[in-house]
Amino acid sequence: MKILNKLKTAGRVLREKGPAGIRRKLSALRRAKREEIAYEHWLEANTMTDARRAEIRRDILTFTHKPLISIVLPVYDVDEKWLRRCIETVLFQLYENWELCIADDNSPAPHIDKVLREYSAKDSRINVVF
């Protein structure tokens, strides 16, 4: 079935674009496959492992200067799922000298206030203004 669909697509491209269209389509498919393989290699090289996490933490301990990193997050009526994911990504950072400054622009959704108060109570590095 999959081969049949590919043959139908090839026939359509040949009718509409001619042999040059087939060459462009094949070139695009090869490029997409190369990009997919390159991304898989990148993921293998850059996926965070427990060993890499421990190595980064050891490196951080050697810092002679640990500047405060301030992250400013304006918020207005965002879905709860995305708001939580955003805050969690900051909480998950290995470098610990940061502050998350969240400014809510009077969001009408009631979950915004609840979520922001919840996280600011959970971690003193999270500062919220409404």
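Which backbone oxygen does the side chain of histidine 111 reach? Keep that question in mind as you start the tour, and remember that the model on your screen is a predicted one.

Select histidine 111 first, which you will find in helix H4, the run of residues 110-122. Its side chain reaches the backbone oxygen of valine 78, at 2.8 Å. If you then show the surroundings and leave aside residues up to four places away in sequence, histidine 111 touches Val78, Asp79 and Glu80.

Next, turn to the aromatic rings, where two aromatic pairs are counted. Select tyrosine 39 and tryptophan 42, whose rings are stacked, with 6.0 Å from centre to centre and 10 degrees between the planes. Both residues belong to helix H1 (residues 2-46) and stand three residues apart, which is about one turn of the helix. Tyrosine 39 is partly exposed, at 49% relative accessibility, and tryptophan 42 is partly exposed as well, at 48%.

Now select phenylalanine 63 and tyrosine 95, a pair that counts as tilted because the ring centres are 6.3 Å apart and the planes meet at 40 degrees. Phenylalanine 63 sits in the loop between helix H2 (50-61) and strand S1 (69-75), while tyrosine 95 sits in the loop between helix H3 (80-91) and strand S2 (98-104), so the pair ties together parts that are 32 residues apart in sequence. Phenylalanine 63 is partly exposed, at 39%, whereas tyrosine 95 is buried, at 16%.

Finally, select Lys6, Thr9, Ala10, Val13, Ile22, Lys25, Leu26 and Leu29, which line the largest pocket. The space in this pocket is about 190 Å³, and its lining has five nonpolar, one polar and two charged residues.

How values were computed
Residues numbered from 1 in each chain as written. Predicted model: local features only at pLDDT ≥ 70, side-chain atom pairs only at ≥ 80, totals over all residues. Heavy atoms only, no water. Helix = DSSP H or I, 4+ residues; strand = E, 2+ residues; numbered from the N terminus. Polar contact = N/O pair within 3.5 Å; in protein donor to acceptor, adjacent residues only side chain to side chain. Contact = heavy atoms within 4.5 Å. 1 Å grid on protein atoms, 1.4 Å probe; cavity = no way out; pocket = protein on both sides within 12 Å on 5 of 7 lines; lining within 4 Å. Points joined across faces, edges and corners; volume = space filled by probe spheres on them. Nonpolar A, V, L, I, M, F, W, Y, C, P; charged D, E, K, R; others polar. Phe/Tyr/Trp six-rings, centres within 6.5 Å; stacked < 30°, edge-to-face > 60°. Buried < 20%, exposed > 50% of the residue type's maximum accessible area, 1.4 Å probe, protein only.
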